[in-house]
Amino acid sequence: MNPRVVWTVARTTFREFWRTPEALFWTYGFPLLMAIVLGFAFQPAPPAPLPVAVLAEAPEDLRTALTASSRLAVEVVAAAAADAALARGRVAMVVGGSLAEPSLRADPTRPEAETARLLVERALRDRRDGPGTVHARFVAEDRPGARYIDFLIPGLVGLNLLGAGMWSIGFTLVMMRSQQLLRRLLVTPIRRSEFLLGYLAGRFVLVVPESLAILAFGCLVQGVPFRGSLFAGALLVLAGGLAFAGLGLLVASRAKTMEGVAGLMNVCQLPMWLIGGSFFANERFEGWLRWCADVLPLTQFNRGLRDVMLEPGGVGAIAVPLLFLAGFATVCFAVALRIFRWN
Amino acid sequence: MSGSAAIELHGLRKVYQKRRSEVVAVDGLDLIVQRGEVFGLLGPNGAGKTTTVEICEGLTEPTAGDVAVLGRRWRTGEDQQIRARIGVCLQETKFLDKQTVRETLELFACCHPSGRSVDEAMALVSLREKANARQVALSGGQRQRLAVATALLGEPELLFLDEPTTGLDPQSRRQLHDVVRTFRGQGGTVLLTTHYMEEAAQLCDRIGIVDHGKLIALGSPPELIRSLGGDQVIEIDAAGIDAVVAAASALPGVQRADLAGERLALTVGSVHSVVPPLLELLAARGIAMRGLATRQATLEDVFVHLTGRHLREDKA
């Protein structure tokens, strides 16, 4: 091995990288910034109380026993609402029965189900006089519509739309920009909006079928119910796809390098992966975190799709997420068109 | 401005801000390109040719000056009308790798409200047999001809070709020259940039020589060559030749003397009347020649005379 060759190649590579400030920032600066921000955001703190539902018809002493625990956030709900709360992941467990013979219902495949069981049993044991074993009846929730998989499939569709919308659109655009192809198109009489719409449509054409394939897998193989209107569901997938594609277009509208566009995409995607409600319910969040989660397009999409899949209803039932996503797509597209870097 | 010219530039200036300094790319350029002519902008790299062309194409905004293209002005609500009447071949464009020649042309054809068919455009640049070949399968010359074909799709009145033959082999270059001649023959106007003086001499009706952002000479190739005062050049290669520059240039019949290293180029009206006294002069001064050549004067000589440098750095 010739060390001079290695040294020269290394020096050349580094110099090229060092002289591309955009790439430098997104490769090294951004992760550092993220570490600092997340470090402050997730300071060591006692765990938040775990939300559980207690049925409204349960006796007072059972409710009191649970509310006495500082580790549990107890919500008193009717039986029908309890099912929905469990299905949506808003609560980890539904408690019914009596203090002597409590009944605990949860989906054991949810990561928080076991913790909820231990905390509920401890709260009930503490309420009793003296040590003893709580003979709780544990009911594993396996009815379609209330399991974790029923929660997860809509979330995965949302993540798929997000990823496909952003990555497939952003990278090719930046490549076309760096190869002067956008510039070449700019000197033709093509309308910019027509080009961008056509481009979006071309990249978008596989996104919806792919989402439908995930949905079909969930429904046919996993038995995930689709109780609402199929038309409303399709409309939501379309609106979601357009919203994420619009975001991808916006992110790629100025970037000059692959590193730059990848960094910007990470900035947009990371919060949605963390608090967009795909893997766990973000409806439990409070304060600013809840507000942040609510304004994410992924949150709106996931909520809308769960609404239309897990509960009977039509377009009216998902009007809010539909309007939100359509508005988001419109704003993204309009801003991208305005600031788009052709040259 | 008359509005009858294809391009009119007055007081054109472009200054780029680079960190704390300013780079003047175009410095007060005045130029008129008439309709129906092939006009060549000739100059070394960095002379301001591409910036000038990109200003004419509407891609770059000038810092100052007035630009009219086909009687219209950019950024006055007439951009689309101008774009519909021009064809552009940028210095460097990479089309999508997995698109065929036909597909690439279809993309650009849809950009124009009217114009040539894709088949016509392919025929113009002799790419019909490559219609179904993807970009990756094309040679450099074929890619360049495809780029020209995309520019011809809208049946433009004015064609911008920015160094269209750079890096091409002689055959590909000739094929592109034929395309330009055909276009001109049909009444089209061409603004061409190049740093190949042979190309400029063969193709262009008029030439503007640009250096440091300024137009330093303008005329037809014969006019520019005649401006040297003679159309023949005697080149002498010899060590110590610099000592006889003044004496050589004073010889009867010598119009100009240009020294580049150890090579002296004398522009003369008649070779046979200058060579004998020149040889006597060299013998008297004891200078031994390594070589002596005579040739017709070229645009390169014009450029060397005007700037003291060769047009292409590799010839310096």
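This is a predicted model: local features need pLDDT of at least 70, side-chain atom pairs count only at pLDDT 80 or more; totals for chains, interfaces and linings use all residues.
The largest pocket has a volume of about 750 Å³. Its lining consists of 21 residues, and those closest to the centre are Ala48(A), Pro49(A), Arg284(A), Phe285(A) and Leu289(A). In chain A, strand E1 (50–55), helix H11 (258–275) and helix H12 (287–294) each contribute at least two lining residues to the largest pocket. Seen by domain, at least three residues of this lining come from each of domain 1 (50–140) and domain 2 (148–339) of chain A. By class, the lining of the largest pocket holds 17 nonpolar residues, one polar and three charged.

Of its 20 lining residues, Thr172(A), Met176(A), Leu181(A), Leu96(B) and Gln99(B) are the closest to the centre. Helix H6 (148–178), helix H7 (181–186) and helix H8 (192–204) of chain A, along with helix H3 (101–109) of chain B, each supply at least two residues of this lining. The lining of the second largest pocket is made up of 10 nonpolar, five polar and five charged residues.

The backbone of chain B is the next topic. Most residues other than glycine have a negative phi. Leu70(B), however, has a positive phi, near 50°. Leu70(B) sits in the loop between strand E4 (64–69) and helix H2 (79–83) of chain B, and counts as buried because its relative accessibility is 5%. Ser126(B) also has a positive phi, near 55°. Ser126(B) belongs to the loop between helix H4 (118–124) and helix H5 (140–152) of chain B. With a relative accessible area of 40%, Ser126(B) is partly exposed.

Conventions
Residues are numbered from 1 along each chain as its sequence is written. Chains are lettered from A and ligands numbered from 1 in the order in which they are written. Side-chain values use heavy atoms; hydrogens and water are left out. On a 1 Å grid over the protein atoms alone, a cavity is a set of points where a 1.4 Å probe fits but cannot get out, and a pocket is an open set with protein on both sides within 12 Å along at least five of seven lines; lining residues have an atom within 4 Å of a point. Grid points are joined across faces, edges and corners, and a volume is the space filled by probe spheres set on the points. Helices (H or I, at least four residues) and strands (E, at least two) are DSSP runs, numbered from the N terminus. Ala, Val, Leu, Ile, Met, Phe, Trp, Tyr, Cys and Pro count as nonpolar, Asp, Glu, Lys and Arg as charged, and the others, Gly among them, as polar. Domain bounds come from an automatic or database domain assignment. Buried means under 20% relative accessible area, exposed over 50%, partly exposed in between (1.4 Å probe, protein chains only).
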